[in-house]
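Subject: Structure for you to look at

Hi,

Here is the structure I promised to pass on, with the sequence alongside. Have a look when you get a moment, and then read on for what turned up.

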Amino acid sequence: MDYTAKLEEALQRLHNEGRYRTFIDIERKRGQYPHATWKRPDGSEQPVTVWCGNDYLGMGQNPVVIDAMKEAVDATGAGSGGTRNISGTTVYHKRLEAELADLHGKESALVFSSAYIANDATLSTLPTLFPGLIIYSDELNHASMIEGIRRNGGAKRIFRHNDLDHLRELLAADDPAAPKLIAFESVYSMDGDFGPIKEICDLADEFNALTYLDEVHAVGMYGPRGGGVAERDGLMDRLDIINGTLGKAFGVFGGYIAASEKMCDAVRSYAPGFIFTTSIPPAVAAGAAASIAFLKGEGGVKLREAHQTQANILKLRLKGLGLPITDNGSHIVPLIVGDPKHTKLMSDMMLENYGIYVQPVNYPTVPRGTERLRFTPSPVHGPNEMDHLIKALDALWSHCALNRAEMAG
Ligand SMILES: *Cc1c(COP(=O)(O)O)cnc(C)c1O
């Protein structure tokens, strides 16, 4: 067996399909984000503006967060030194979980290494807790949910994206006595569209199913206290399990679920992905807790308003140029280029010629023919950055001879 040749084959497959990923090496500068330095492969450097990050509110450089992290490092050191069960539960972890439970109006919360792990560990464990569980999963759910559902060995049904009739059909076709769970998202990250939370909760009531909502692209950004779309719509109490990240709008790292005390206790006790791994560093927990607390308050309200304003300005200006953006009313602004070659070319030229960093998004992350540039405007992108982006896109769109929409009258 020539192991190296096998690796080369596997990598070549990705090259052949145009799916080989290259990472752009950037160094963020505290206090200056979205400005950063791009370190080219040849060692040279260029200043860039990041337009595709998930630090949606700039909390990664908020002094409140950084101070909390520094204080915790000074007080307690670097790592937690253990799993949650064996010496790795600290006052910082407890405080963070209390902050999260309060954010979502739940009795309890559990912190994981990431939201990916939280989804995977929870969804793969639920059939152990509810024997015979059937999981109904939106077809566009994130890879971490798909992976957890796939691995759990239980029954699954995939419903067409946001299609309530299809979901009802699937629910109705199964044994009314079987335990059921509906897994979906509040904001889908690639199109920026919303899941029909209320309607899905209604169906869950009708068919006596549990609900599992991934609010990763909404926590910190929606709702009066940053509790997500379910908070905004007054629906948090209708969801059995809410999943979120501490790494995107909260600007730090880690993931969690919030649920009833019994649910959290059971997942805590049974999920290998929670049990057999070192808990997050206390400083990370401290930073995340500070970020959540900050975003619950007046500062958060202002940032959320500024965030939506920035997204609306960008959408309006791109529409004004006739560029085909998808506007689903959220903060995510996808510009559909429509083929992988041009998407990559646009992204490369933006970076090289304009110092604008926006990563191309290709198949299989999005369907073929909808390859796109996904912009994430934030309150830290100023008017100059916005002007520069608009000029660059206008020029490059013409340069690549891409189609524009008919100007609306
Ligand atoms: C990014 C993402 C996750 C994973 O979050 P991490 O904390 O980065 O692991 C989960 N769900 C969705 C929808 C995501 O986009």
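**A buried leucine**

Leu 235 counts as buried because its relative accessibility is 8%, under the 20% cut-off. Do keep in mind that this is a predicted model. You will find Leu 235 in the loop that runs between helix H8 (229-232) and strand E9 (241-245). If you want a sense of scale, Leu 235 and Gly 81 lie 154 residues apart in sequence, and their C-alpha atoms are 38 Å apart in space.

**Around the ligand**

Which residues come closest to the ligand? Of the 13 that surround it, the closest are Ala 115, Asp 214, His 217, Thr 245 and Lys 248. By class, this shell holds seven polar, three nonpolar and three charged residues. Helix H4 (residues 115-129) supplies the largest share of the shell, with three residues.

The side chain of Asp 214 places an N or O atom 2.7 Å from a nitrogen atom of the ligand. Ala 115 uses its backbone instead: one of its N or O atoms there is 2.9 Å from a ligand oxygen. For His 142, a side-chain N or O atom is 3.5 Å from a nitrogen atom of the ligand. Taken alone, the ligand would expose 380 Å², and the protein buries 83% of that.

**An enclosed cavity**

How many cavities of 30 Å³ or more does a search of the whole structure find? The search gives one, and the space in this largest cavity is about 80 Å³. Its lining includes Arg 84, His 93, Val 111, Phe 112 and Ser 113, as well as Gly 273 and Phe 274. Strand E4 and helix H10 (272-275) are the elements that each give two or more residues to that lining. Sorted by class, the cavity lining has six polar, four nonpolar and one charged residues.

**The second largest pocket**

This pocket holds about 210 Å³ of space. It is lined by 13 residues, and those closest to its centre are Lys 94, Glu 97, Ser 108, Ala 109 and Leu 110. Two or more lining residues come from each of helix H3 (91-103), strand E4 (108-112) and helix H9 (261-270). Seven of the residues lining the second largest pocket are charged, five are nonpolar and one is polar.

Happy to talk any of this through once you have had a look.

Best wishes

Note on methods. Residues are numbered from 1 along each chain as its sequence is written. This is a predicted model: local features need pLDDT of at least 70, side-chain atom pairs count only at pLDDT 80 or more; totals for chains, interfaces and linings use all residues. Side-chain values use heavy atoms; hydrogens and water are left out. On a 1 Å grid over the protein atoms alone, a cavity is a set of points where a 1.4 Å probe fits but cannot get out, and a pocket is an open set with protein on both sides within 12 Å along at least five of seven lines; lining residues have an atom within 4 Å of a point. Grid points are joined across faces, edges and corners, and a volume is the space filled by probe spheres set on the points. Helices (H or I, at least four residues) and strands (E, at least two) are DSSP runs, numbered from the N terminus. Ala, Val, Leu, Ile, Met, Phe, Trp, Tyr, Cys and Pro count as nonpolar, Asp, Glu, Lys and Arg as charged, and the others, Gly among them, as polar. A residue is near a molecule or strand if one of its heavy atoms lies within 4 Å of it. A polar contact is a pair of N or O atoms within 3.5 Å; within protein, one must be able to donate a hydrogen and the other to accept it, and residues adjacent in sequence count only if both atoms are side-chain atoms. Accessible areas come from the Shrake-Rupley method with a 1.4 Å probe; for residues, only the protein chains shown count as cover. Buried means under 20% relative accessible area, exposed over 50%, partly exposed in between (1.4 Å probe, protein chains only).
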